[in-house]
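Dear colleague,

Here is the structure that I promised to hand over. Please open it alongside this message, and read the notes below with the model in view.

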Amino acid sequence: MFNRSRRNFAHWFTLSMGSILILFAGMVYYQWAVVRLEESDRLLYRKARIMAANVYYDPRQGEESIDLDNVPILGNYSLPLGNEITYARWYSTGGQLRQFYGTPVPAKLQTTAAFETIQTAPQWLRQITLPVQQGGQTIGYLQVAVPLTDAQAALREVLLVFVLAVPLTLGAIALVGWYLGGRAMHPIRESYLQLQRFTSDASHELRAPVAAILSNAQVGLMSPIDQGQPKHKRLENIAETAKRMNTLVNNLLFLARQAGRIDPVSIQPIDLNTLLKEMIDFPSIQAMAQHLTLHLELPEEKVIVNGNADLLRQAVVNLIANACKYTSANGKVWLRLIDRDYDVLIQVEDTGVGIPQSDLPHIFDRFYRVNQERTRETGGSGLGLAIAKQIVEAHGGRLAVTSQVGQGSLFQMELLPS
Ligand code: ADP
């Protein structure tokens with residue numbers, strides 16, 4: 001699937017860039033041809049003007065007096081005007097041929113257009129027809145043609161360069177397209193794999209409690225009605241498993257719905273000193289921390305941040321819950337609030353089991369658990385830290401961790417001050 005998308009990307013990239021390249025090459029070629037033609041027209045016009053300047057005409061005697069003997073190329077006693085003129089012709093005002101040099105020779109003037117390209121074999125000619133005027137009146141037409149050999153050769157060369165360069169450039173574009181396609185596909189492939197992993201983990205996590213609920217219910221139903229005690233135990237198990245499933249589904253829904261955004265309406269200034277002080281007294285936190293000592297360290301001055309109080313509370317609760325879960329009896333957990341000039345820190349430090357260095361980069365991934373067996377006992381599903389991270393990042397902050405196996409962990413939320 002990804003290779004096909006990559007191929008498609010490279011294909012369309014080459015097609016679009018190739019079209020632009022060919023269009024550009026065509027325009028350059030056309031412009032080059034126009035410039036060459038204008039250059040050769042200027043030269044031809046200059047030659048025709050020199051020839052016309054040598055026509056002798058006496059106005060009193062009219063057209064009969066026209067003498068072309070001194071006209072270069074055409075005249076008998078004239079000097080040659082370069083040797084690239086293919087033909088030169090003199091026509092009367094009525095269009096009759098009077099004198100000529102070179103072939104072919106139409107007897108009548110066929111065109112009055114100034115410049116014309118004559119497509120003869122083996123080479124094309126560029127022809128000028130110049131009305132020659134003296135004393136304010138036209139005395140005849142001078143027609144001169146030169147071969148377009150130089151211009152044609154130059155254009156052929158340019159065409160050859162294009163014919164070789166365009167396919168080579170297209171090949172390079174295709175390679176670049178393929179490379180860029182690979183780079184563009186990389187994050188998509190990553191998120192696709194992540195999504196796939198997430199879906200399979202989520203279904204795996206949901207399957208186990210559902211199976212437990214089912215088996216408990218079935219066994220509970222099998223026990224005789226008068227033996228109420230075991231049945232009650234079974235039903236308690238069902239309720240416990242259903243509760244865990246409910247938490248899991250709620251966490252999954254939270255992650256899916258929150259998706260890195262906070263409703264701007266819910267953002268308010270939060271007094272963190274009060275929030276943390278109240279939180280530490282929650283019965284649920286007290287219950288979690290009953291086997292250890294929980295310290296709260298707050299600065300004297302008020303620390304205010306802008307955010308959603310419920311979400312931030314949830315993030316801190318997740319960190320404290322983990323610290324309590326992974327710290328053995330008589331251990332210590334600190335909840336600290338530190339106000340720095342440029343940010344605000346909420347730290348949760350414990351003297352618990354710690355996290356191996358190799359696991360630290362993955363610790364915030366959804367469903368990631370350091371030690372499946374260890375966390376199965378503690379009932380974790382691997383979503384607590386992912387949720388905390390998502391909340392902190394949605395507030396424009398950062399969640400970082402440092403840990404030493406056997407010594408403890410320090411989770412630190414870095415928030416922007418208000
Ligand atoms: P869980 O619900 O399994 O605790 P989390 O996302 O909260 O999921 O944590 C992911 C994993 O990180 C846990 O399984 C645990 O192994 C490890 N972990 C998190 N916090 C701590 C901590 N304070 N001390 C030791 N390990 C921790």
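**What was found**

Among contacts in the protein (a contact means heavy atoms within 4.5 Å) between residues at least 6 apart in sequence, 62% join residues at least 24 apart. Before going further, please note that this is a predicted model, in which local features need pLDDT of at least 70 and side-chain atom pairs count only at pLDDT 80 or more, while totals for chains, interfaces and linings use all residues. Residues are numbered from 1 along each chain as its sequence is written, and side-chain values use heavy atoms, with hydrogens and water left out.

**Overall form**

The protein has eight helices and twelve strands, where helices (H or I, at least four residues) and strands (E, at least two) are DSSP runs numbered from the N terminus. A compact globule of 418 residues would have a radius of gyration near 22 Å, whereas the protein has 46 Å; this radius is taken over C-alpha atoms, and the globule rule is 2.2 Å times the number of residues to the power 0.38. The C-alpha trace spans about 145 × 60 × 40 Å along the principal axes of the protein. The protein is divided into domain 1 (2-154) and domain 2 (264-415), with bounds that come from an automatic or database domain assignment, and the C-alpha centres of domain 1 and domain 2 lie 88 Å apart.

**Surface and charge**

Of the 418 residues, 38% count as buried, where buried means under 20% relative accessible area, exposed over 50%, and partly exposed in between (1.4 Å probe, protein chains only). The protein exposes about 24700 Å², of which carbon and sulfur atoms supply 57%; these areas come from the Shrake-Rupley method with a 1.4 Å probe, and for residues only the protein chains shown count as cover. There are 38 positive and 37 negative side chains, and the centres of the two sets lie 7 Å apart. Here Lys and Arg count as positive and Asp and Glu as negative, while His and the chain ends are not counted, and the place of a charge is taken as NZ of Lys, CZ of Arg, CG of Asp or CD of Glu.

**Residues in the loop between H1 and E1**

Ile 85 lies in the loop between helix H1 (2-53) and strand E1 (87-91), and Ile 85 is buried, with a relative accessible area of 5%. Leaving aside residues up to four places away in sequence, Ile 85 touches Lys 47, Met 51, Ile 73, Tyr 101, Val 144, Ala 145 and Val 146. Lys 47 is 38 residues from Ile 85 along the chain, and their C-alpha atoms are separated by 9.2 Å. Ile 73 also lies in the loop between H1 and E1; Ile 73 is buried at 17% relative accessible area, and has a positive phi of about 75 degrees although it is not a glycine.

**Residues further along the chain**

Ile 267, in the loop between helix H3 (228-258) and strand E6 (268-271), counts as partly exposed at 40% relative accessibility. Ile 267 touches Ile 262, Asn 306 and Gly 307, again not counting residues up to four places away in sequence, and the C-alpha atoms of Ile 267 and Gly 307, which are 40 residues apart along the chain, are separated by 4.4 Å. Phe 367 is found in the loop between strand E10 (344-350) and helix H7 (372-378), counts as buried at 5% relative accessibility, and has a positive phi near 70 degrees.

With kind regards
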